[in-house]
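Me: Could you take one chain of this model and give me a close look at how its fold is put together, with the cut-offs behind each term? I would rather have one connected account than a list.

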Amino acid sequence: MVSIVIVSHSSKAAEGIKEIALQMAEDPELKIFSCGGSKGGGIGTDPDEISKALENAYSKDGTVVMADLGSAVMSVEMIIENMPGGKGHRIRIADAPIVEGAVLAAVEASGGGDLKKVLASAEAARDMRKIEGG
Amino acid sequence: MITCGKEQIIRILRAIATEIEKNKIYLTELDSAIGDADHGINMNRGFKSVVEKVASVEDKCIGTILKTTGTALVSSVGGASGPLYGTAFLYAGKELTGKEELYPADIKTAFQAALEGIIKRGRAQVGDKTIVDTLSPVVDYLQSNLDNKPKEEILNDMEKAAGKGKDSTKEMIALKGRASFLKERSRGHLDPGAVSCYIMIKAFVSILGDEK
């Protein structure tokens with residue numbers, strides 16, 4: 001099963017998004033890891049923590065990463081690039097809003113979707129309307 | 001001719017750390033105007049860690065020293081400048097594997113690789129109000145024929161190019177990073193990343209200019 005990693009500038013936001021996504025997917029097999037905040041616990045990202053989360057989330061089926069602001073995306077990209085043994089090839093960053101994307105990815109992954117499908121589902125969040133005709 | 005030895009690289013890194021520390025509050029003030037008010041603190045933490053980590057690879061090649069610098073920045077900075085400057089030093093380091101002394105062509109290659117790393121990571125271009133606005137004019141300048149120019153002239157021109165680029169960010173509207181959320185309100189402030197990059201280039205210039 002494809003795993004999911006949530007990377008936010010806030011550990012509370014990351015943990016909360018994971019909670020929402022897990023609740024929607026309702027699948028005990030689904031693995032979602034959250035990480036957020038800087039080393040000191042402030043707002044930011046900690047590459048060492050992200051690295052660990054990506055290691056823990058490793059699945060031969062692949063991993064989709066949901067990230068919030070630019071530097072979270074940059075940190076993840078940099079870690080993927082430098083992962084040993086080509087492990088980074090099965091990790092994709094979704095270009096999508098983090099909450100909606102995480103929920104859609106979780107539902108698709110728990111339904112058995114492959115990496116391509118889970119990524120596409122997460123990225124479909126870009127076009128989700130919240131208010132009809134809005 | 002401009003050259004740069006291994007000991008000078010170490011001295012440059014230490015000089016950057018000293019200058020960043022001196023400008024910690026200034027950088028943070030710049031960042032509080034258009035960002036998240038942590039650039040000075042983050043960069044200071046980053047270069048403190050660089051000085052510590054580099055001490056154990058002082059006898060290795062320049063490539064290793066710069067790659068160690070990049071890794072130290074990535075894991076200690078905490079903000080966007082971590083992956084950005086980290087990638088810059090990693091990419092420059094990859095080009096300089098095995099080198100104990102840099103000649104004009106190496107310096108050109110290293111700065112070019114650093115810029116490519118930053119552009120790849122941040123997807124920014126000139127005019128976006130970022131580090132790229134300071135670094136890109138320096139790389140452009142280094143493309144000119146350096147072989148017959150006196151060192152002093154090259155260093156002076158590098159600093160001028162960086163300074164002009166840095167100053168140009170003041171009137172720009174930010175198109176990348178947290179500052180881009182402010183849109184028009186980001187105008188009228190120097191970009192903190194452009195300024196920290198200028199501080200780094202000034203340290204490079206001052207250490208190399210120091211030795212006759």
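Reply: Residues 24 or more positions apart account for 71% of the contacts in chain A with a separation of 6 or more, where a contact means that the C-beta atoms of two residues, placed from the backbone, lie within 7 Å. The model is predicted, and local features need pLDDT of at least 70 while side-chain atom pairs count only at pLDDT 80 or more, with totals for chains, interfaces and linings using all residues. Residues are numbered from 1 along each chain as its sequence is written, and chains are lettered from A and ligands numbered from 1 in the order in which they are written.

The secondary structure of chain A consists of five helices and four strands, which follow one another from the N terminus as β-α-β-α-β-α-β-α-α; helices (H or I, at least four residues) and strands (E, at least two) are DSSP runs, numbered from the N terminus. The radius of gyration of chain A, taken over C-alpha atoms, is 14 Å, close to the 14 Å that the globule rule (2.2 Å times the number of residues to the power 0.38) gives for 134 residues, so chain A is as compact as a globular protein of that length.

The four strands form an open, parallel sheet in the order β2-β1-β3-β4 (chain A), two strands being paired if DSSP finds at least two bridges between them. Its edges are β2 (32–36) and β4 (91–93) of chain A, each of which pairs on one side only. Neighbouring strands are turned by 20° against each other on average, direction ignored; axes are lines fitted to C-alpha atoms, for helices over the stretch in contact, and angles run from 0 to 180 degrees between N-to-C directions.

Strand β1 (residues 3–8) of chain A is joined to the parallel β2(A) by five bridges, and Val5(A) has Phe33(A) as its bridge partner in β2(A). Across β1 and β2 of chain A lies helix α1 (residues 11–25) of chain A, which runs at about 160° to β2(A). Helix α5 (residues 115–123) of chain A also packs on the sheet, where it touches β3 (63–67) and β4 of chain A, and its direction makes about 20° with that of β3(A).
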